[in-house]
Amino acid sequence: MLHDTCYKVMNTNSQKNNNPLAAPRLIKIVVNTGVGRIRDAKPHEEIMRDFALIIGQKPVPTLARKAVAAFKTREGMVIGYKATLRGRRMRDFFGRLINIALPRTRDFRGIKEEALDAQGNLTVGIPEHTVFPEVDTEHSFTPFGFEISISTTAKTRDEALAFFRNLGVPFRKM
């Protein structure tokens, strides 16, 4: 349904696609957070619980590949969590991100157009996880931010920009 809506809007604009399957679509959303600075087990459990509430599935811990003395990390330590969303969970998360989380972000004026890469993928950073309504701020003592990478089938940056605008992504006004 999301793809059909985008195809209809893309066809009415300057992008003329004769084939509805040629219209861009979302492939996946990868969400990750880094927790390398935290050493205790209790904050890790809290972050994992809140992260799972936000994304709707259990995240995978990312481990350090090698020890770095400057960061006080050892090989095999948990330094973050990540999750790849596809299908219904991806669409639900995308809707909550655009309609709820981004407008609730402090001092949010829109996403910079430079957040789009040449292949048509969008990367957004969320500075604090409490912008999502699923998180209970009374029981969440460890604030953390995360990065969201949205992959599309768009061939060019301009096609992806038009696609995301049609989806309702709030880009910054120049």
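Q: Is D92 buried, partly exposed or exposed in this predicted model?
A: The model is predicted. Buried would need under 20% relative accessible area, and exposed over 50%. D92 has a relative accessible area of 39%. That makes D92 partly exposed.

Q: Which residue meets the side chain of D92 in a salt bridge?
A: Side chains of opposite charge can pair when their charged atoms come close. Here the N to O distance is 3.6 Å.

Q: About how far apart along helix α3 are R88 and D92, in helical turns?
A: Helix α3 covers residues 87-104. R88 and D92 are 4 residues apart in it. An α-helix has 3.6 residues a turn, so residues three or four places apart point the same way. The separation of R88 and D92 is therefore about one helical turn.

Q: How many residues apart in sequence are the parts that R165 and E113 tie together?
A: The side chains of R165 and E113 meet in a salt bridge, 2.4 Å from N to O. R165 lies in helix α4, and E113 lies in the loop between α3 and β4. The pair therefore ties together parts whose separation in sequence is 52 residues.

Q: What is the relative accessible area of D50?
A: D50 meets R49 in a salt bridge, with 3.3 Å from N to O. R49 counts as partly exposed, at 41% relative accessibility. D50 is buried. Its relative accessible area is 2%.

Q: Which residue caps the N-terminal end of α4?
A: Helix α4 spans residues 157-167. A side-chain oxygen of the capping residue lies 3.1 Å from the backbone nitrogen of E159. E159 itself is buried. The cap is T156.

Q: What distance separates the C-alpha atoms of E128 and R106?
A: E128 sits in the loop between β4 and β5. Its contacts include R106, P143 and F144. E128 and R106 are 22 residues apart along the chain. Their C-alpha atoms are separated by 9.2 Å.

Notes
Residues are numbered from 1 along each chain as its sequence is written. This is a predicted model: local features need pLDDT of at least 70, side-chain atom pairs count only at pLDDT 80 or more; totals for chains, interfaces and linings use all residues. Side-chain values use heavy atoms; hydrogens and water are left out. Helices (H or I, at least four residues) and strands (E, at least two) are DSSP runs, numbered from the N terminus. Contact means heavy atoms within 4.5 Å. Buried means under 20% relative accessible area, exposed over 50%, partly exposed in between (1.4 Å probe, protein chains only). A polar contact is a pair of N or O atoms within 3.5 Å; within protein, one must be able to donate a hydrogen and the other to accept it, and residues adjacent in sequence count only if both atoms are side-chain atoms. A salt bridge is a side-chain nitrogen of Lys or Arg within 4 Å of a carboxyl oxygen of Asp or Glu.
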